[in-house]
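Me: Could you walk me through this structure? I would like to start with the overall fold and then move on to the contacts.

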Amino acid sequence: MAKQPCAVIGVGQTKYAAKREDVSMAGLLREAAKRALEDAQMTWADIDAVVVGKAPDLFEGVMMPELFLADALGAHGKPLLRVHTAGSVGGSTANVAASLVQAGVHERVLTVAFEKQSESNAMWALSIPTPFAMPVHAGAGGYFAPHVRAYIRRANAPDHIGILVALKDRTNALKNPYAHLHQEDVSYEKIRDSMMLWDPIRYEETCPSSDGACAMVLGSESVAERSEKPVAWVHATAMRTEPTMLARQDKVSPQAGRDCVAEVYRQAGVTDPYRQIDMAEIYVPFSWFEPMWLENLGFAAEGEGWKLVESGATDLGGDLPVNPSGGVMSSNPIGASGMIRFAETALQVRGLAGEHQVDGARLALGHAYGGGSQFFAMWIVGSEKPTA
Amino acid sequence: MRDVAVVSFAQWRNEREHQGSPNGIEMLVPTMTEAVEASGIPRKEIGFWCSGSSDYIAGRAFSFVMAVDAIGAWPPINESHVEMDAAWALYEAWVKIQTGEVDSACVYGFGKSSAGELRRVMTLQLDPYYVAPLGPDSVSLAALQARAGIDAGKWSERDMADVAARALSAGAKNENAVRRTERTVDELLGLDYVASPLRKYDCPPITDGASVMVLAAGDLARDVCSRPAWIRAFEHRVDTQNIGMLDLTISNSAAKAAAAAGVTDDRLDVAELHAPFSHQELILREAMGIGDGTEVTPSGGALVANPMFSGGLSRIGEAARRIHDGTADRTMGHATSGPCLQQNLVCVLEGE
């Protein structure tokens, strides 16, 4: 049996900020969900099912918060699913929502991902000691810095690449009204001179901690074809997982990432990603992950990702714009970060990305990862309906 | 829709209540080996993996990550996780197979509720601004629900004890139960209240556990299983959690899920209900229109073993087992989640 076509009909985002003290969790989710419904020209009553995603419950201190949020999300009397796959969850949640349409189970699905990090403290929520398990000391940076060092050594990359990525993303963020960080005075020197946090990762080469939610309305073929606005057709979805700790795995370019992207390229008929993909939103929580993921995703040969960054190819006006929204480096409500990547690709191929629109974006890759670089979720969306 | 069937099921066998040392993963690994071997599908050929568990039960972030290490995710696997009872992971896996992307899936749930104080942990499921700070625990909320039914004249404490006594006598015959001693209704009514009107056996036992199920589509299911349990309907619904707005003596979400699944129209041989509190079985029977011709929860259900986050999947597993062994032709497994039956799932199974 073939998959049913599925398209993004509406996208909604909140303003991302360190502390959204003006709204409760319910208010935050409704802000994104209502904007997605408005974009889709639908009301709550049109929605068949709701799929919620967020990272660990300890980030807000509420067990399964979707239960108390069911009301705010208009889910009363409807099916409600809650996905949790670590940092990749925003992407996985979108993929699960898409699968409900692709399976022919539902016609219109509302999917929302969020994190309200100001309710708690994510770094310490990640640092709870667990018997017999390797501790993650003081947050994610300490865990990922050795992977970055290994990349720099292996690829013989110069020190300034991480600064270039941070500068690009923070500059792009100035064109995105929803972005958390709007650093009007961002400069190469300011990033270079910022405090070294987890050598070689500087303070300004690190994502912020944000409150925020992102929502999408996904629709079936008949729903998409009735839409007055342009839609983003889902051309491919995939998820792949590998263990946290395995001696033979490559933490710099994980096999699960390579397998996941190979699967979305296969589904979308992509054989030369650098030429065929018009733009990508990639999960880059520390700036050095851009060149690392460019290689893992097949946009550059092994050891060549940093050269692509240095050439300016990933700038907004480059051959392969990466994170024109400003990316995770500029807004990071963890559980939503993956869905923001996916939603931004949808906005781009719909031509609705505003000031950070990539000219002629027709096929785009959304990417999310999580855990110890072990959970991957990706999709490819396009302006044209896929040819079966 | 594609024909998809449960081809194998296994559950962790508890020695007794509060059994101590095994953690979630230690319970999961042998249970998974049993289910996967029984499925006849080589582990490396399983198309999709999906689990249900809770970080708050484990007391840490990303508790499912250790499970991924334990199942041997190498080469990398196609995998997902819900922060829900694994019955909803089963739903996600069923949807995945419906897309045509994969033909088989392994679904698992696990939880070690004895590691914390469950009724207080569950309080954290409530609205964090207006309700949770007041501290109502899961047993007290169920007691309010039971009291509402008594006040409305819908059931009595004796009706509740009838349910509990029947569950205990079923548990006495179920090697997976942690409560295995029969008691009469009068004995039960002679016990002290835990939270009035609930007595000890109106409430579920604290249970550690894990369960694992393998699904397969079409001919693959027929190849590996002599009598596959075909999923004929699969529906779930949620209600608002705003308890003050609800008539607690009924369950709209259970009624809607059952109606959508066609349960109300057709005769079922067996209905395995996930009713953690005795009166909730009465609510569910009414909501779903389950008649007297149906054998209700022959395993004893949640009143004799209630492993959190795998208990719902185990109900579907018990319903599938009755198809597998040929003692039933049409069965239903039900799962619930949230306070006072907030969320309900129905899975209808049939033999060929």
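Reply: Happy to! One term first: two residues are in contact if their C-beta atoms, placed from the backbone, lie within 7 Å. Please keep in mind that this is a predicted model.

Me: How many helices and strands does chain A have, and why can chain A be called as compact as a globular protein of its length?
Reply: The secondary structure of chain A comes to 13 helices and 11 strands. For 388 residues the globule rule gives 21 Å, and the radius of gyration of chain A is close to that, so chain A is as compact as a globular protein of that length; the radius is 19 Å.

Me: What percentage of the residues of chain A count as buried?
Reply: A residue is buried if 20 or more other C-beta atoms lie within 10 Å of its own. By that criterion, the buried share of the 388 residues of chain A is 63%.

Me: Which element gives the most to the side of chain B that touches chain A?
Reply: The contact draws on 52 residues from chain A and 50 residues from chain B. On the chain B side, the elements giving two or more residues include α3 (63-71), β8 (229-238) and α10 (252-260). By class, this side has 21 nonpolar, 17 polar and 12 charged residues. With 5 residues, the element that gives the most is α4(B).

Me: Within chain B, which element gives the most to the side of domain 1 that touches domain 3?
Reply: Domain 1 of chain B puts 29 residues in contact with 21 residues of domain 3 of chain B. The elements giving two or more residues on the domain 1 side are β1 (4-11), α4, β4 (104-112) and β7 (208-217) of chain B. The top contributor, with 6 residues, is α4(B).

Me: Is the crossing of α1(B) and α3(B) left-handed or right-handed?
Reply: These helices pack at an angle of about 35°, with their axes 10 Å apart. Among the residues that meet are L28(B) and M32(B) in α1(B), and M66(B) and I71(B) in α3(B). By class, the contact has 8 nonpolar, 2 polar and no charged residues. As for the handedness, the crossing of α1(B) past α3(B) is right-handed.

Notes: Residues are numbered from 1 along each chain as its sequence is written. Chains are lettered from A and ligands numbered from 1 in the order in which they are written. This is a predicted model: local features need pLDDT of at least 70, side-chain atom pairs count only at pLDDT 80 or more; totals for chains, interfaces and linings use all residues. Helices (H or I, at least four residues) and strands (E, at least two) are DSSP runs, numbered from the N terminus. Ala, Val, Leu, Ile, Met, Phe, Trp, Tyr, Cys and Pro count as nonpolar, Asp, Glu, Lys and Arg as charged, and the others, Gly among them, as polar. The radius of gyration is taken over C-alpha atoms; the globule rule is 2.2 Å times the number of residues to the power 0.38. A residue is buried if 20 or more other C-beta atoms lie within 10 Å of its own, exposed if 12 or fewer, and partly exposed in between; C-beta atoms are placed from the backbone. Axes are lines fitted to C-alpha atoms, for helices over the stretch in contact, and angles run from 0 to 180 degrees between N-to-C directions. A crossing is left-handed if the near helix is turned anticlockwise from the far one by less than a right angle, and right-handed if clockwise.
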